[in-house]
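My notes follow the order in which I checked things.

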Amino acid sequence: MSELMASSGVPFGTSGVRGLASAMTDKLCHAYASAFLQYLRQIGEFSSGDRVALAGDLRTSTPRILAACATAVQDCGGEVVFCGLTPTPALAFHAMGLGIPSIMVTGSHIPADRNGIKFYRPHGEVLKSDEAGIVGQRVTIDPARFGNDDSLLSPAALPEVTPVEDEYIARYVRHFGPDALSGLTVGVYQHTAVGRDVLVRAVEALGAKALPFGRETVFVPVDTEAIREEDIALAAMWAAENQVDAIISTDGDSDRPLVADGNGTWLRGDIVGLLCARAVSADVVVTPVSSNTVLELSGAAPKVVRTRIGSPYVIRAMMDAAEADPAARVCGYEANGGFLLGSAVDDLAPLPTRDALLPIIAVVLNAKTRPLAEVVAELPPRFTFSDRVADFPQDHSAALIAFLSHGEEDEQLARIARLFGEIAGFPTGIDTTDGYRMSFADGAIIHFRPSGNAPELRCYSEAETEEKARDLNARALAHVLADVVPEAVAFRASHR
């Protein structure tokens with residue numbers, strides 16, 4: 001697998017693989033799925049004859065990759081349970097309930113010319129500790145089964161769909177009650193999210209009136225962590241034209257939520273996560289370093305644990321917290337809003353993977369008593385903004401981080417003052433848990449992080465007003481691209 005990864009340019013990243021759809025050939029996808037099941041066989045979580053759940057999103061390349069993965073399942077002696085084109089958490093909830101592995105074909109929020117595969121063990125996501133076991137597998141490839149373009153000559157036919165969405169929706173109707181959202185009008189931004197109809201059905205099952213907006217046929221790469229300007233404008237327009245209490249949406253595979261208040265203002269994902277953590281009365285909240293520090297300032301939970309970015313790191317820390325205190329209510333969330341339930345909350349069983357429906361319902365429920373804008377306004381005044389530079393060479397990202405982190409702390413702080421002093425003021429702290437995060441005396445934060453699954457550089461900023469956070473982000477990114485990266489690349493070349 002390591003040889004295939006190198007030759008294809010499609011590496012194993014957070015929870016699975018992502019890359020250009022053209023690079024994710026049938027042969028490569030078949031090999032990855034085979035390696036995953038071979039690894040599970042080694043650790044005693046898969047045997048010949050076992051079922052493997054399979055689903056996908058709405059990208060044009062998804063059906064082909066689904067067929068390649070289904071062929072691999074059959075070649076490994078497994079039985080395919082095809083759950084259709086459905087949300088990732090619906091697939092995971094169904095598979096974990098049965099105690100069987102699952103495979104989700106999705107590129108999540110990344111552009112339409114890309115795709116990916118997520119892998120789930122019978123009782124949870126693939127963690128970073130599983131990665132070496134998967135990519136270290138030796139897989140047998142029969143060249144006679146593939147054409148010159150590495151496509152399968154006889155891909156497996158997918159079986160009839162096993163529906164999983166009803167049980168996913170019922171999970172939340174049981175917990176919140178069929179009248180939980182009664183009296184509310186909720187806009188649903190559908191675009192090309194695979195769970196777009198699930199959202200409509202779910203809010204209606206909870207008693208709300210649903211107004212579907214913006215259904216598309218050409219894939220829309222909605223990123224809940226870097227909301228597009230057009231999506232900001234659309235939400236504001238829909239709110240102005242309709243009397244809504246909230247507008248909701250998700251990313252492509254519907255595991256990350258988007259929630260806007262009645263004015264059409266999108267809430268940051270980490271604010272959605274905080275409000276959901278508060279709703280479930282969490283004792284321990286696990287979240288990456290990129291999430292807003294309003295979590296600590298608000299006192300939403302007695303204990304906060306910060307991790308690297310990525311659900312596998314959050315899940316690992318949640319598992320550790322639950323083991324340390326079995327009676328604690330443990331949850332986690334990411335800056336993109338994906339919420340993970342690590343322990344039972346009354347009749348709500350744990351679901352230790354990113355879920356969009358629980359945080360959406362928990363946040364919209366606030367609108368029963370007062371506008372969501374008022375709920376958010378009561379939180380401490382901390383605002384975050386994130387943006388990214390697409391098609392940013394990965395070697396430039398590596399050079400930037402190496403340059404910023406070179407030397408002792410005093411040397412780094414002096415470098416930060418020289419590079420970013422005019423933008424953010426006097427530097428006071430550094431956090432290298434994931435990427436390079438700089439804190440400044442007036443409370444400002446600038447955090448650079450190379451994407452783990454795409455050639456992108458992300459920048460997270462935090463300040464006491466939204467305007468300052470946006471301005472800080474724009475100025476920091478512009479300065480890095482124009483001045484810092486060239487200096488970093490030259491520095492790295494001179495120190496090799």
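**Entry 1**

I began with helix α16 (residues 466–494), where Glu466 and Arg470 both lie, four residues apart, about one turn of the helix. I am working on a predicted model. The side chains of Glu466 and Arg470 meet in a salt bridge, at 3.7 Å from N to O. I recalled the general rule: an α-helix has 3.6 residues a turn, so residues three or four places apart point the same way. Glu466 is partly exposed, with a relative accessible area of 40%. Arg470 is also partly exposed, at 29%.

**Entry 1**

Asp255 and Lys118 meet through their side chains in a salt bridge, 3.0 Å from N to O. Which parts of the chain does this pair tie together? Asp255 lies in the loop between β10 (246–250) and β11 (257–260), while Lys118 is in strand β6 (residues 114–121), so the bridge ties together parts that are 137 residues apart in sequence. Are the two partners buried or exposed? Asp255 has 1% relative accessibility and counts as buried, because the cut-off is under 20%. Lys118, at 5%, counts as buried too.

**Entry 2: a bridge between two loops**

My next pair was Asp346 and Arg329. Their side chains meet in a salt bridge, with 3.0 Å from N to O. The pair links distant parts of the chain, 17 residues apart. I placed Asp346 in the loop between β15 (339–341) and β16 (351–355), and Arg329 in the loop between α11 (311–324) and β14 (330–333). Asp346 is exposed, with a relative accessible area of 62%. Arg329 is partly exposed, at 22%.

**Entry 3: positive phi**

I stayed with Asp346 for its backbone. Its phi is positive, about 55°, although Asp346 is not a glycine. Ser281 also has a positive phi of about 55°, and it is not a glycine either. I found Ser281 in the loop between α9 (269–279) and β12 (284–288). Ser281 is partly exposed, with a relative accessible area of 45%.

**Entry 4: an enclosed helix**

How many residues of helix α12 (residues 357–364) are buried? I found eight of the eight, so the helix is largely enclosed by the rest of the structure. The buried residues in α12 are Leu357, Leu358, Pro359, Ile360, Ile361, Ala362, Val363 and Val364.

**Entry 5: the whole chain**

Last, I noted the overall values. The protein has 16 helices and 21 strands. Its C-alpha trace spans about 65 × 60 × 45 Å along the principal axes. With 496 residues, a compact globule would have a radius of gyration near 23 Å, and the protein has 22 Å, which agrees. Buried residues make up 57% of the 496. I checked contacts between residues at least 6 apart in sequence, and 68% of them join residues at least 24 apart. The accessible surface comes to about 19,000 Å², with 51% belonging to carbon and sulfur atoms. For charge, I listed 42 positive and 64 negative side chains. The centres of the two sets lie 2 Å apart. The salt-bridge count comes to 35.

Methods: Residues are numbered from 1 along each chain as its sequence is written. This is a predicted model: local features need pLDDT of at least 70, side-chain atom pairs count only at pLDDT 80 or more; totals for chains, interfaces and linings use all residues. Side-chain values use heavy atoms; hydrogens and water are left out. The radius of gyration is taken over C-alpha atoms; the globule rule is 2.2 Å times the number of residues to the power 0.38. Buried means under 20% relative accessible area, exposed over 50%, partly exposed in between (1.4 Å probe, protein chains only). Contact means heavy atoms within 4.5 Å. Accessible areas come from the Shrake-Rupley method with a 1.4 Å probe; for residues, only the protein chains shown count as cover. Lys and Arg count as positive and Asp and Glu as negative; His and the chain ends are not counted. The place of a charge is taken as NZ of Lys, CZ of Arg, CG of Asp or CD of Glu. A salt bridge is a side-chain nitrogen of Lys or Arg within 4 Å of a carboxyl oxygen of Asp or Glu.
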